[in-house]
Amino acid sequence: MSLKVLYEDNHLIAVYKPAGVLVQGDKSGDKCLMDYVKDYLKDKYNKPGNVFLGLIHRLDRNVQGIVLFAKTTKGASRLSEQWREHTVEKIYHAVVVGRPSRDKDRLVHWLVKDENKNKTTVYDHQVAGSQQAELFYEVVESNNKYSLLKIRLGTGRSHQIRSQLAFVGGSILGDVKYGSTEKLPDQAIGLAATSLSFDLATGSERKTIEVAAPKEWAKYYA
């Protein structure tokens with residue numbers, strides 16, 4: 001994999017994660033995004049031994065898009081605090097099967113994650129052990145068979161976009177776990193993290209990192 005660096009300063013580094021690559025290593029032993037970024041930093045700065053790299057957030061393996069890491073403990077602390085306080089704005093784009101009944105909407109549900117099955121169940125009311133989830137979407141383009149959505153997260157729950165959209169009848173293309181009957185290459189799904197807005201680790205400057213929705217998706221909804 002050739003690492004694509006989107007932004008870098010003394011404290012932070014943002015890169016593009018392809019679908020199929022883990023953000024953090026697991027029992028599979030597959031090389032993960034953190035490994036690639038550490039290799040990049042070692043090579044660029046001629047650093048011997050271990051390189052510090054702080055994990056701030058994750059994307060699912062089958063999701064592509066922007067991932068932000070911390071190069072210093074200060075960066076990790078400052079950005080993790082923003083994630084906890086929900087001051088980071090996260091935008092995604094998704095290709096869904098069909099067309100939503102509304103061109104714009106706010107979805108509020110309650111989610112329960114089954115860690116053993118790695119799957120989230122959605123409810124339209126609060127149940128024991130559930131967490132409230134909120135997102136906003138708008139239809140960007142559609143041919144009625146498929147639609148491109150722009151999504152802004154109000155909360156950051158596990159599998160939130162995938163499960164909430166499927167619950168209202170708009171399964172993400174390729175996401176067989178949540179109802180799609182079609183598969184994409186490399187176990188990818190039609191979901192990408194396309195924008196992150198946050199305060200830099202030093203000072204009060206607001207930074208926005210953006211990428212376009214994958215061009216290869218256009219063949220579905222154009």
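This is a predicted model: local features need pLDDT of at least 70, side-chain atom pairs count only at pLDDT 80 or more; totals for chains, interfaces and linings use all residues.
Leaving aside its neighbours within four places in sequence, with which residues is Tyr-45 in contact?

View 1. Once neighbours within four places in sequence are set aside, Tyr-45 is in contact with Glu-8 and Lys-71. Tyr-45 has a relative accessible area of 36% and is therefore partly exposed. Just after helix 1, Asn-46 takes a positive phi of about 50 degrees.

View 2. Within helix 1, the residues Leu-33, Met-34, Tyr-36, Val-37 and Leu-41 are buried. An α-helix has 3.6 residues a turn, so residues three or four places apart point the same way. The partners against which the buried residues of helix 1 pack are strand 1 (4-8), strand 2 (12-17), strand 3 (54-55) and strand 4 (64-70).

**View 3. The largest nonpolar core, with Phe-69, Ile-151 and Ile-161**. This core has 32 residues, and the three named here are those with the most contacts inside it. Two or more residues each are given to this core by strand 2, helix 1, strand 4, strand 5 (89-97), strand 8, strand 9, helix 3 (160-167) and strand 10 (191-199). Its largest share, four residues, comes from helix 1. Not counting residues up to four places away in sequence, Phe-69 touches a set of residues that includes Leu-33, Met-34 and Val-37, each of which is buried in helix 1, and also includes His-11, Val-15, Leu-53 and Ile-56. Apart from this core lies another one, of 18 residues, among them Tyr-16, Leu-79, Val-88 and Val-211.

**View 4. Leu-55 in strand 3**. With a relative accessible area of 25%, Leu-55 is partly exposed. Its contacts, leaving aside neighbours within four places in sequence, are with Val-23, Gln-24, Met-34 and Phe-69. Leu-55 and Asp-199 are 144 residues apart along the chain, and their C-alpha atoms are separated by 17 Å.

**View 5. The aromatic pair of Tyr-146 and Tyr-220**. The structure holds one aromatic pair, in which the rings of Tyr-146 and Tyr-220 are arranged edge-to-face, at 5.4 Å centre to centre and with 70 degrees between the planes. The pair links distant parts of the chain, since Tyr-146 is in strand 9 (residues 146-153) and Tyr-220 is in helix 4 (residues 218-221), 74 residues apart. Tyr-146 counts as buried because its relative accessibility is 6%, and Tyr-220, at 19%, likewise counts as buried.

**View 6. Charged groups over the rings of Tyr-178** **and Phe-136**. Lys-119 lies over the face of Tyr-178, at 5.7 Å from the ring centre. In the case of Arg-152, the charged end sits over the ring of Phe-136, 4.3 Å from its centre.

**View 7. Glu-134 in strand 8 (residues 131-142)**. Glu-134 has a relative accessible area of 19%, and buried means under 20%, so Glu-134 is buried. Leaving aside neighbours within four places in sequence, Glu-134 is in contact with Arg-106, Leu-107, Val-108, Leu-153, Gly-154, Thr-155, Gln-160 and Gln-164.

Methods
Residues are numbered from 1 along each chain as its sequence is written. Side-chain values use heavy atoms; hydrogens and water are left out. Rings of Phe, Tyr and Trp (its six-membered ring) pair if their centres lie within 6.5 Å; planes under 30 degrees apart count as stacked, over 60 as edge-to-face and the rest as tilted. Buried means under 20% relative accessible area, exposed over 50%, partly exposed in between (1.4 Å probe, protein chains only). A charge sits over a ring if NZ of Lys or CZ of Arg is within 6 Å of the ring centre and within 35 degrees of the ring normal. Contact means heavy atoms within 4.5 Å. A nonpolar core is a set of buried Ala, Val, Leu, Ile, Met, Phe, Trp, Tyr and Cys residues joined through side-chain atoms within 4.5 Å.
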